[in-house]
Amino acid sequence: MKGKLLKKALAGVLSLAMVFSTGSVIMAEEAFGAEGTITVKIGNNEAAAYSSFDEAMTAVRAAEDSLSKTITLGEGTFNSASGETFRINEPNTTITGSGADATVINTGSYAVSGQAGILIQADNVTIENLRVESVDPGASGGAIKATLIGDGESSLPCLKNVTISNVVISTEAGYGLNLHGVEVADINNVTIEKAAKASVSVAKAADVTFSGLTTGKSGWETDIAVQYKDTSAYDGASSISIENSDLYYNVVYSERPNTAAEGGDTIAIDDESMTVVERADGTKVLISKDNVILNETTGEEYVSLTEAVEEAAGGDVIVLPAGEFAGNLFLDKELTLKGAGAGETVIKFDPATKQKIEYFDGREAYPAVYSTEDLTLENLTIAGPTDQHHGIDGVLAKAGLTLNNVEIKDIRCTADGGEVCGVQYGRGVMVDGNGDVNITGSHIYDFQKQAIDLNTSGSIVIADNIIEGIGENGTITQNGIVLRGTGHAEITGNSISGLRYTADNAWSDSSYAILMYGASSADINGNTIEEVDNGIILDEEATAKINNNIINADNYGLVVYTTGSVDAADNYWGGAVEDKVWIDENAGEVTGLDNVKEEPVIDENKPGEGTGESGAEAGSDKTPKTSDPFSLGLMLALAGASGAGILAARKKIK
């Protein structure tokens, strides 16, 4: 997102005066001078030719200060011979080229006084019609800088009447353009292709006009930084005007507080798409309205998601614009985060700030979003990077959780060179607590272990979602929905696919679309389960009504170990019941298997209604198969427990 997060702490106060002006763009003047030539014209004298820029500046410095001096550069590249080559310290001097596409000043790694590639230190200086390239103009310098160098503490005198016109700037370090201690500057038709810090730095600079300014990428993701330090070197407020400009990030900020001598800085801009965001410390930032983070409850606007979260009260709704925001978020108040749309607003796992969180009685997760209070996420994406071992999980909630139109992707590890690795992380959604869970209209894919893993006593709704595993793989068993707690779930209208583990070992063919154990219960209706090893498994005391689904698994559509009751009527099994359903001899009552769909269709008129037989009439459905497909130990291992070796005496599926 352009200007989404400032790499430099934004501080100070900015007072904004909105102005409206059509402005004008000065076009490049007619090129003059033969290729590679350097000429100097002083006053009304004839122009004289010189063989180097150093010689040309020597002639300029020898002239009377009051006379006009023009150094004309022909086509070609003019390089620094030393750190003094491009020190412009004679007043009334113009350096003009043959056009930004024809004349290049390349200062390389030379820095005049450690401050700049080209250092302006005199009044009435113009640089025009050329390109400036710099490798290292100094850490706090610029490819072009205008300043009278002081000691950093004493009051800095100001240069007057600086003009930069029809110039293209590119620098590998520092700023593109730096104006510190300037009165009246005209920055006209200037393009700053890239800079290591901000494109432009301004300090103690009054009456600066940017007309036709174009900025590119910068390390601070900032177009213009109006800077301040509490020293006499910054004792004058800045005033700048921005007209007809194309700012890459649409971020302009001032560090100067209103309490400073001479008050805060003033910035005028003719762009109604920009707005001022006032921060908690009283500072303000001028940014694009498209980049504003809004607390919908209070009406307050923010530049930083971290600040928006910190200042919010419980129950507030925070609206995020399109763009990418760095996780990881650790939330201790009830909040709603609403994005501009799944795929448009992205909260991305940040390895640099990851924290280990315990869940499920001692397991560990590194979530991109973690909340200890009720959390709602809407219209956004949660994503990884994928190059982290033991470090990628999506959303972990210790209370209630609502996801609506949320995309969760790349919650996996590709550090070993594959789509996933074998570590038991990579859960898209985890809930561990007592809150209600509502996951609707969401898309979870490119996860590593589980798409949704819930341990809660609250009510659960999982509806109209798409869950996609990575398909056939020999690295890790993947599962779709895991229910561990005592909460009752309504699982309706979901599509679950791509869960296939193909390694030639005891775990082969052991991925599941839905796993239930503990005292969990569920109504599972109207879902489509296909391209998976197995469909649904119930163990321990879990109970379920499984009706009106398409369950087309490669192996078993239903595996029952639970001592609880199961109604499994009116489903399509992708084959004969005796081939697709396995019931342990110690399982509880299973009903409805005499009523099956002959075609893979979902009857929209009967959501949640089981139509099968019950009791003794369904007793024949409980005949166990000769090959036990599963065990509690294996299921726990699939769900990410450490007991991968406790397979008891059970045999693997087929």
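Me: How many nonpolar, polar and charged residues are in the lining of the largest cavity?
Reply: This is a predicted model. Residues that line the largest cavity include His-389, Ile-392, Arg-412 and Tyr-425. Sorted by class, the lining has four nonpolar, six polar and one charged residues.

Me: How much space lies in the largest cavity?
Reply: The count gives one cavity of 30 Å³ or more. The space in the largest cavity is about 40 Å³.

Me: Where do the buried residues of helix 1 fall, seen down its axis?
Reply: Helix 1 covers residues 53-62, and its buried residues are Phe-53, Ala-56, Met-57, Ala-59 and Val-60. They line one face of the helix, because seen down the axis they fall within an arc of 155 degrees.

Me: Which exposed residues sit on the face of helix 1 turned away from its buried side?
Reply: The buried residues of helix 1 are covered by elements including strand 2 (38-42) and strand 4 (69-73). The face turned away from the buried side carries exposed residues. These are Thr-58 and Ala-62.

Me: Is Thr-107 buried or exposed?
Reply: Thr-107 lies in strand 8, residues 103-108. Its relative accessible area is 1%. Buried means under 20%. Therefore Thr-107 is buried.

Me: With which side chain does the side chain of Thr-107 make a polar contact?
Reply: Leaving aside neighbours within four places in sequence, Thr-107 is in contact with residues including Ser-80, Phe-86, Glu-133 and Ser-134. The polar contact of its side chain, at 3.3 Å, is with the side chain of Ser-134.

How values were computed: Residues numbered from 1 in each chain as written. Predicted model: local features only at pLDDT ≥ 70, side-chain atom pairs only at ≥ 80, totals over all residues. Heavy atoms only, no water. Helix = DSSP H or I, 4+ residues; strand = E, 2+ residues; numbered from the N terminus. Buried < 20%, exposed > 50% of the residue type's maximum accessible area, 1.4 Å probe, protein only. Polar contact = N/O pair within 3.5 Å; in protein donor to acceptor, adjacent residues only side chain to side chain. Contact = heavy atoms within 4.5 Å. Arc of directions from axis to C-beta. 1 Å grid on protein atoms, 1.4 Å probe; cavity = no way out; pocket = protein on both sides within 12 Å on 5 of 7 lines; lining within 4 Å. Points joined across faces, edges and corners; volume = space filled by probe spheres on them. Nonpolar A, V, L, I, M, F, W, Y, C, P; charged D, E, K, R; others polar.
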